[in-house]
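Work through the exercises below with the model open. Each task is followed by a solution in steps.

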Amino acid sequence: MGWTLRDLILTDPLLRMYCAVPDGGSVWPPHPGFPEGTRALPMDRTGPHTLWQAAEYVMRPLAIVARAAGEYGAVVDLDPARFTIEVDRAGRPTGRVVAELLPDADGDASLPDWLLARCVGRLADRCVTGGQEVRAWLRAVADHELDETVERPEAGTVSNTRSISQLRLSELSSRPTASSHAVWLTTAQTKRLTGQLVRAAVRSGEQTAERVTQWGRTLPDIGDEERIARLIHRILSRKQFRRGSMEGYPAARAIQDMLPAIKAGEPIHAVLPAFPVKQADSGLKAFGALPDFAEFAFLVRLKELHAAVSRIYEPGLRVTLVSDAQHYRARPVEQARAYAEKISEYIRLAEASDFLELRDIDDMQPATERPNRLAAHIRALTEAFGGLDIATDPVGTLRRSVLFDPAGLAASAGQAASQAASQAAGLVAQAARAKLAALADLAAATGSDTLVVLADLAAFAGSAILASSTASAGAAGSGAAASADAAGLAAGPSAGAAGSGRAAGSAGPTALAGLAASGSGVAALFSSLIHSVPVPLPDGADRSDWSARVYADVYRTGDSVPPTLAAARSAVLRAAWEAAIRYVAVLRTDQELGHDQLPGAHLHLTAATPGPGQCGFAGLGGSALLPWHGTAAVDRYGVVSTDFAISLLDRAFVPVYADALGDSQPWFMAPICATDVANTGPARLSDAFLDGVRLRRH
């Protein structure tokens, strides 16, 4: 056999995270997280107490090591009688197995899947008493480790997941194995990294300006001021800056917005809602509440944009970053203040203080009428939903909340002017109830945590409200027309229902109904907020591990669930429900007072999907997540991105600490293959990897 396991570990650093080999009385290579050394422990001297997390510390490493060895044409000795694990001096598993290779006498280099499944299954029977975790892990092995038809993610790449609800939390690693392979950047390395990122951004901005200037020579003969506005619009359309489509922000709109500043020779004032707080409540999205390397990189991208615009228009940009840290959600003041102070520190580190400022949205808007109006909206929503309990009946609560929303009820009541209209509304409501009941049955049949079904419920109920109110307006006319709408509703959120809304065209109550039915409704916002609330943590529990259990089936709170777990899920559901009510109340208050628009700006940037009159800004290029929604990651290609913390742990990313945040939380995560471990001393990031860190170009 051409390979030894030492060769494989040196060739594939991923194996170093999960595998070691016997080396006299110790193991090799040394584990970077245990400087006092480790030892091998035979499985026949262990039991459930030692292997309290067998899925993470034994079965997952075995499967990964066996698969990796098989890819190199080697066969791992998986005789259950010889299983050996690595433990620290206190006897706790480190997350690595101590393995050997079998002689390849017959030239057969394949590792039969049934061998791994048989050995792992026997290990589970012998060492684990809690069956639920083992079954979930074995499903993961069957789906991802043994099935050759499943495309596995490339090592060192981020997930590009937009919502944490898309992750199979019960099957992801949430334990501290990766944490014990953490590395520290020296002060010199941190300075080098931030400096090279800023310098590269300035160079890129200047190069972008040169290319745009060349493009500008093809423009027709127009005035200098309009030409400047068109060139800046072209810069904003470049891949590294653009988020979403530019259809809602055409060149004509850009000229209209920016021309006053250009004529006055002043910096173009851009407003960008950003940097509220880090979503670290559960530990599944982010490891800590402070901004990390992703937020810094976002600011560096703004530096690049400013450099490009300044080459075209010397006064450049003046960017106001508007934080809504306490506006939509009630959060600890200390948390919001610490986050904002760190962002201000990053602005200085990015050498952007000359054009960037961070302001709180509540400091920019008059508050005279707001408290009373906000309290009235919260009270109205709370009273309307008084008979609902999101913890015991999540599907029914989401379904009925759209029907009980005061905005929708006001629209229906205000438009019920005639007997015919009332009958039409009744037909629509009858069809709506039938459809909602069918969707509720579907949710129950497929599992009460089925988010797709819940989203369908919320979306359909919203369209039912809108159709009901427009039918009540009488503009559609007869009961026959209402019957047609009802038939369409019974089939689903159809074009017929939407068409009737357009035909009615009411600007009053119908608009209120649209508000209730849109994404600003409580049901719609609830599904967005549920993963952004605190999770009650039992004494002694690991936060990420416990949160993964809570969210793995968060809508299941019945008698079949252990009481502590059910109580935590109920608390999460109620907290998200209250947060959604407040969020909707804030949206409606701001709309009434005109606070949903920020005046005084020449350019309205948005880090979210842009609407009409907004220019989408992609701070981290093609990254699917905003920096404050996840954890900073630098992938195997050196590209700065954002991903969920639990996904990064599962993909063998390890924490990288730096002076910028200290030991409170990682500054970013890096793939294990980017680290080096000497025979002595801690792990470190390779110089070649650090030199290649960069912002995404598209």
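**Exercise 1.** Determine the handedness of the crossing of H7 and H9, and describe their packing.

*Solution.* The crossing of H7 and H9 is right-handed; a crossing is right-handed if the near helix is turned clockwise from the far one by less than a right angle, and left-handed if anticlockwise. This is a predicted model, in which local features need pLDDT of at least 70 and side-chain atom pairs count only at pLDDT 80 or more, while totals for chains, interfaces and linings use all residues. Residues are numbered from 1 along each chain as its sequence is written, and side-chain values use heavy atoms, without hydrogens and water.

Next, take the geometry: helix H7 (residues 224–236) packs against helix H9 (residues 293–312) at an angle of about 160°, and their axes are 10 Å apart. Helices (H or I, at least four residues) and strands (E, at least two) are DSSP runs numbered from the N terminus. Axes are lines fitted to C-alpha atoms, for helices over the stretch in contact, and angles run from 0 to 180 degrees between N-to-C directions. H7 and H9 are therefore roughly antiparallel (over 145 degrees).

Finally, list the contact (heavy atoms within 4.5 Å). H7 contributes Ile228, Leu231, Ile232, Ile235 and Leu236, and H9 contributes Leu305, Ala308, Val309 and Ile312. By class, the contact has nine nonpolar residues, no polar and no charged ones (Ala, Val, Leu, Ile, Met, Phe, Trp, Tyr, Cys and Pro count as nonpolar, Asp, Glu, Lys and Arg as charged, the others as polar).

**Exercise 2.** Give the strand order of the open sheet of five strands, and name its edge strands.

*Solution.* The order is E9-E8-E7-E10-E11, with parallel pairing; two strands pair if DSSP finds at least two bridges between them. The edge strands, each pairing on one side only, are E9 (356–360) and E11 (615–616). Strand E10 (residues 603–606) is joined to E11 by two bridges in the parallel sense, and Leu605 stands opposite Cys615 in E11. H9 lies across E7 (268–273), E8 (317–323) and E9, and runs at about 155° to E8.

**Exercise 3.** Is Pro612 buried or exposed, and where is its place?

*Solution.* Pro612 is in the loop between E10 and E11. Its relative accessible area is 80%, so Pro612 is exposed (exposed means over 50%, buried under 20%, partly exposed in between, with a 1.4 Å probe and protein chains only). Pro612 and Tyr249 are 363 residues apart in sequence, yet 6.5 Å apart in space, C-alpha to C-alpha.

Definitions and conventions
Parallel < 35°, antiparallel > 145°, perpendicular 65-115°, else oblique.
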